[in-house]
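Subject: Structure handover

Hello,

Here is the structure for you to look through. My notes on what turned up follow below it.

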Amino acid sequence: MTSIPDNAVQELHYIDPATGQNQTCTTDCPLSTNASVPYQDFTFNGAVSLTGVQVTLTQWKGAGPGLHLFQLLSSGAFASAVVSNNKLSCFAPQPSNVSFTGSWTEIDANTNIPATTQLVLVSTVNVGTSPASGPSFTWMPYVSASGTYNVNMLIPGCTDFQDCSLRTSCKVSVFPGGGQDPTVTVVSQQNQGDAVQQIYSGPIVPSSPDFSMTITMTLADNPAGSGQSGQYRLVADRIQLVLNSANTTGTGNGTAANGKTAFGFLEWPLSLSSGTTGFSNATETSLDVIGFSLFSALGKNAGLASSPNSAVAAVVHHPSGAIFIGGTFTLSTPSASNIVVFKNGALTALSGGGLNGPVTSLALSGNTLFVGGSFTDSATNSTQGRLSSIASYDISNDQWSPLLAGVNGPVKSLAVDYGQVSVVGNFTIINGASSGSPRRESPGLAVWNISNSAWVNSGGFLRGSLTFVGNSTAPAKGQQQSQILAGNIQSSLSFGASGFVLVKNGKDGQPTMTPLSVQLGDDVSNSTATTNSRRAYYPRAVNHWLSRHVAIPQLIARQSSATLAPLPSSPPAPAPAVLAGAFWTNTSTSEQVAILGGNFTFTNGSTESTGVAVYHPSTGTLSPLQGLTINGTVRTVLVQDNLLFVGGEFTALGTDFVGFAIYDLLHNAWVSGGPALQPTSGASVVVRSLTVSAAKANTVVVAGSFGQAGLLPCRAICLWDVVQKQWNALGNGIQGDVASVAYAVSRWPFRWRLWC
């Protein structure tokens, strides 16, 4: 047996199967040919570090030499911090595994074997960071047999890394299983040379065939050293398990009478049969300490007697290994209400001490935890009452955030799917984003878009008090993934869409309606007023039609001498609302698009746009108009050749656009609309109608509420000359407000239909 890389012939020790005597050999080590001897063990003369061995067979019986099985066994089992180094061992159902929080980086560490290196992981943390907020690392080595073990942590020396001033101490928690409490050891990583630190010695009792014990490392409560440039470094290498004795069984039987009592949390190995009220040690896993810790933090039996409604309602497992537990409870250590996280081997309070009401549901999306229930704030009122039954929690920054203003009733269940959170419960309204902003009716079901941070409507709806939403199992071939909803369902709606749908001829000429795949949002912030303070106006009843003999100019003249009440305020258009549309065909690409105007937002890439959108049927996407952003509400749009005319009540930052703007669709650029429209005294500019003149070529009729265009008197109605790019008055204008314009018989080039 020659070791590699030093090419030294090793002295081996073995037991002669024929005599039972201990023997030593170097070059002539015999292998028994007795078929009743299945294998022989040969051991090195003490611990040997090597990268491989070379075995030479020199004598044999039969036609040639051969081996049925060859195994090279290490002195104990190892779990590496680098997951790719953990290979499947003999008869193990899975390799050892790891998890971590924070940022860890691979670097090369020298070994005591010449010309070899080994990968380890390192993480830096600012001096003064608490263990709960700092990085953590968890090894989960597979353990196949009960026994008494020594568990060691291997720590590369700081001299080779040249990071001695960065090194500090860490806290290591070992969960051995078998109904035993975890052990905690403070380990210094300031060793200059490679070191092996024992972190546990005692029984390890696997509870199932796939049992893995847990070793978690965090920053120490009182880290050693002062760090370098305000930072410490933690190093994660390997964990070693050395079996001392196989004659070990667990202590206690895991029952409430003679073992331990848990509350609200149980991890059950699926490989075991069903249980009843008492569980043997064979069923205990490393995570069952959560239930034991909850029972203790609730005050044990006495505490539960005084709080009989305590319950755990929801659990989610973050990829870092952290487990979030929500329900109805108040813990003493840590001080936490209704939600808590188990990480680094202990229960830890969230920001604000949890929440001030019961938690019924939890859902994860990356590092964001969505929480539903019956609460309004954190337990310490740190969010000023902005968490109305639904909230998001930033796991990395330990920070609560509202979902705008939440909903007006309890949330019962949450589910994350396709970048959206489905929210169900006993509520009827999505609250307005701010005081005075419109609320949205949404009985029992609401949907939150994670990337846009906005409430959206994404399809059919249910009405009622719902108690459950969840994603279905993997869809069958040709089927789509679906969601299951349950509760007191009163009715269902066939279609739902945010602002607009596609209507086209269907079978037998019947119209069919299809919600489009794009989403319009309601995160609209208007700096211009969208409503005016006006008194109510009720028109007098008329007993007959206007006589055809009354000349239109005479009629307008009589009106001009009267004091008219203004138009009522525009009907409410809570976002997302599409109020106008037009079609345009791009002559260079032959693509026909739909241009939408209204009160909405949408996201294209990382850019959010408002008020105007271009819908591309070929791709099912929205795109913005290039350049400036409209701030306000668009109420009318008109396409004339390659020009888009936009009217409404809006402004545009950096321009003099007020209620009226022109966009060149072919060249993707805003163009000058001449002098800006000016309001009448005490009012604001609102353009409600844009039409092509039936009497004058290349002319757009602009009508609404305004007094002049620049210095040109142009009351309520004005003409825009597309060729000359200038305003022209239409007589003396109209006293009052114009709501719409229509064109009549040729004897009169046009007639105004006025709503005043």
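Among contacts between residues at least 6 apart in sequence, 54% join residues at least 24 apart. Please keep in mind that this is a predicted model. The protein has four helices and 51 strands. Of its 756 residues, 43% are buried. The accessible surface comes to about 38900 Å². Carbon and sulfur atoms account for 51% of that surface.

Disulfides

How many disulfides does a search of the whole structure find? The search finds three. As a reminder, a disulfide is a covalent bond between the sulfur atoms of two cysteines. With the bonded cysteines numbered in sequence order, the pairing reads 1-2, 3-4, 5-6.

Start with C25 and C29. They are joined with an S to S distance of 1.9 Å. The torsion about their S-S bond is about 105 degrees, so this disulfide is right-handed. C25 is buried, at 6% relative accessible area. C29 is partly exposed, at 25%.

Next come C158 and C164. Their S to S distance is 2.0 Å. Here the torsion about the S-S bond is about 85 degrees, so the disulfide is right-handed. C158 is buried at 1% relative accessibility. C164 is partly exposed, with a relative accessible area of 33%.

Then look at C714 and C718. The sulfur atoms of this disulfide are 1.7 Å apart. The torsion is about 125 degrees, so this disulfide too is right-handed. Are these two cysteines buried or exposed? C714 is buried, at 1% relative accessibility. C718 is also buried, at 0%.

One further cysteine to look up is C170. C170 is buried, with a relative accessible area of 0%.

Around N191

N191 sits in the loop between β14 (183-188) and β15 (195-204). Is N191 buried or exposed? Its relative accessibility is 16%, and buried means under 20%, so N191 counts as buried. What is N191 in contact with, leaving aside neighbours within four places in sequence? The contacts are I155, P156, G157, C158 and R167. C158 is the cysteine that is joined to C164.

Aromatic residues

The count of aromatic pairs comes to 14. One of them is Y14 with F42, with ring centres 5.2 Å apart. Their planes meet at 40 degrees, so the pair is tilted. Where do the two residues lie? Y14 is in strand β3 (residues 12-15). F42 is in the loop between β4 (22-25) and β5 (43-44). The pair therefore ties together parts that are 28 residues apart in sequence. Y14 is buried, at 9% relative accessible area. F42 is partly exposed, at 25%.

There is also an aromatic cluster to view. F100, W104, F137 and W139 form it.

Surface patch

Which residues form a nonpolar patch on the surface? They are L31, V55, L57, L67, F70 and L72. Together they have about 520 Å² of accessible area. F70 is in the loop between β6 (52-54) and β7 (77-80). At 43% relative accessibility, F70 is partly exposed.

G299 and S332

G299 lies in the loop between α2 (289-297) and α3 (300-306). G299 is partly exposed, with 35% relative accessibility. How far apart are the C-alpha atoms of G299 and S332? They are separated by 7.5 Å, although the two residues are 33 apart along the chain.

Where to look when you open the file

For the aromatic residues, show Y14 with F42, then the cluster of F100, W104, F137 and W139. For the surface, colour the nonpolar patch that includes F70.

Best wishes

Notes: Residues numbered from 1 in each chain as written. Predicted model: local features only at pLDDT ≥ 70, side-chain atom pairs only at ≥ 80, totals over all residues. Heavy atoms only, no water. Disulfide = S-S within 2.5 Å. Buried < 20%, exposed > 50% of the residue type's maximum accessible area, 1.4 Å probe, protein only. Patch = residues over 30% accessible without salt bridge, like charges linked within 9 Å, V, L, I, M, F, W, Y side chains within 5 Å. Areas by Shrake-Rupley, 256 points an atom, 1.4 Å probe, with all protein chains shown as cover. Salt bridge = Lys/Arg side-chain N within 4 Å of Asp/Glu carboxyl O. Phe/Tyr/Trp six-rings, centres within 6.5 Å; stacked < 30°, edge-to-face > 60°. Contact = heavy atoms within 4.5 Å.
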